[in-house]
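Subject: Structure for you to look at

Hello,

Here is the structure I said I would pass on. Please open it first, then read the notes below with it on screen.

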Amino acid sequence: RHTQSKSVANRLARAIGHLESVKRMVEEGRDCTDVLIQLAAVRSALSSTARVILKDHLEHCITDAVETGDDKFISELNAAIDKYIN
């Protein structure tokens with residue numbers, strides 16, 4: 001049902017690889033500034049992945065929930081957004 005599953009999996013694989021590189025940088029004693037810049041890149045990659053997931057969810061699951069009158073999905077989305085933002 002989710003049309004972006006492959007894209008999300010690919011994005012996550014890249015973010016994992018990037019995070020592993022950051023871990024190596026720390027283990028190698030690289031400059032903290034460089035590490036922080038790379039961590040910012042990882043955070044950005046994860047945020048863009050979350051946007052893809054949210055958009056896909058809104059376009060499919062939530063649309064279906066609204067059409068069928070199922071408020072449970074909307075409540076679950078609100079709870080997930082609260083956890084993601086905080």
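**Confidence**

In the protein, helix H1 (residues 5-27) has the highest confidence, with a mean of 95, and helix H3 (residues 71-85) has the lowest, with a mean of 86. Those values exist because this is a predicted model, and pLDDT is the predictor's own confidence in each residue. For the protein as a whole the mean pLDDT is 90, and 99% of the residues reach 70 or more.

**Overall form**

What does the secondary structure come to? The protein has three helices and zero strands. Along the sequence the pattern is α-α-α.

The C-alpha trace spans about 55 × 25 × 15 Å along the principal axes. The radius of gyration of the protein is 17 Å, whereas a compact globule of 86 residues would have one near 12 Å.

How much of the protein is buried? Buried residues make up 17% of the 86 residues. The protein exposes about 6500 Å², and carbon and sulfur atoms supply 57% of that area.

Among the contacts with a separation of 6 or more, 55% are between residues 24 or more positions apart.

On charge, the protein has 12 positive and 13 negative side chains. The centres of these two sets lie 5 Å apart.

**Residues in helix H2**

Helix H2 covers residues 32-68, and Thr 49 lies in it. Is Thr 49 buried or exposed? Thr 49 counts as buried because its relative accessibility is 2%, and the cut-off for buried is under 20%. Leaving aside neighbours within four places in sequence, Thr 49 is in contact with Val 8, Arg 11 and Leu 12.

Asp 56 is also found in helix H2. Its relative accessibility is 4%, so Asp 56 counts as buried. Which residues does Asp 56 touch, not counting those up to four places away in sequence? They are His 2, Thr 3, Gln 4 and Cys 61. One of these, Gln 4, is 52 residues from Asp 56 along the chain, yet their C-alpha atoms are separated by 6.6 Å.

Ala 45 is another residue of helix H2. At 28% relative accessibility, Ala 45 counts as partly exposed, because that class lies between the 20% and 50% cut-offs. Ala 45 and Gly 29 are 16 residues apart in sequence, and from C-alpha to C-alpha they are 24 Å apart in space.

Glu 59 lies in helix H2 as well. With a relative accessibility of 45%, Glu 59 counts as partly exposed. How far apart are the C-alpha atoms of Glu 59 and Leu 36? They are separated by 34 Å, and the two residues are 23 positions apart along the chain.

**A residue in helix H3**

Lys 72 lies in helix H3. Its relative accessibility is 54%, so Lys 72 counts as exposed. Lys 72 and Asp 34 are 38 residues apart in sequence, and their C-alpha atoms are 44 Å apart in space.

**Pairs to look up**

If you want to check these on screen, start with the following pairs.

- Asp 56 and Gln 4: C-alpha atoms separated by 6.6 Å.
- Ala 45 and Gly 29: 24 Å apart, C-alpha to C-alpha.
- Glu 59 and Leu 36: C-alpha atoms separated by 34 Å.
- Lys 72 and Asp 34: 44 Å apart, C-alpha to C-alpha.

Regards

Technical notes:
Residues numbered from 1 in each chain as written. Predicted model: local features only at pLDDT ≥ 70, side-chain atom pairs only at ≥ 80, totals over all residues. Heavy atoms only, no water. Helix = DSSP H or I, 4+ residues; strand = E, 2+ residues; numbered from the N terminus. Rg over C-alpha atoms; globule rule 2.2 N^0.38 Å. Buried < 20%, exposed > 50% of the residue type's maximum accessible area, 1.4 Å probe, protein only. Contact = heavy atoms within 4.5 Å. Areas by Shrake-Rupley, 256 points an atom, 1.4 Å probe, with all protein chains shown as cover. Lys, Arg positive; Asp, Glu negative; His and termini not counted. Charge placed at Lys NZ, Arg CZ, Asp CG, Glu CD. pLDDT = per-residue confidence, 0-100.
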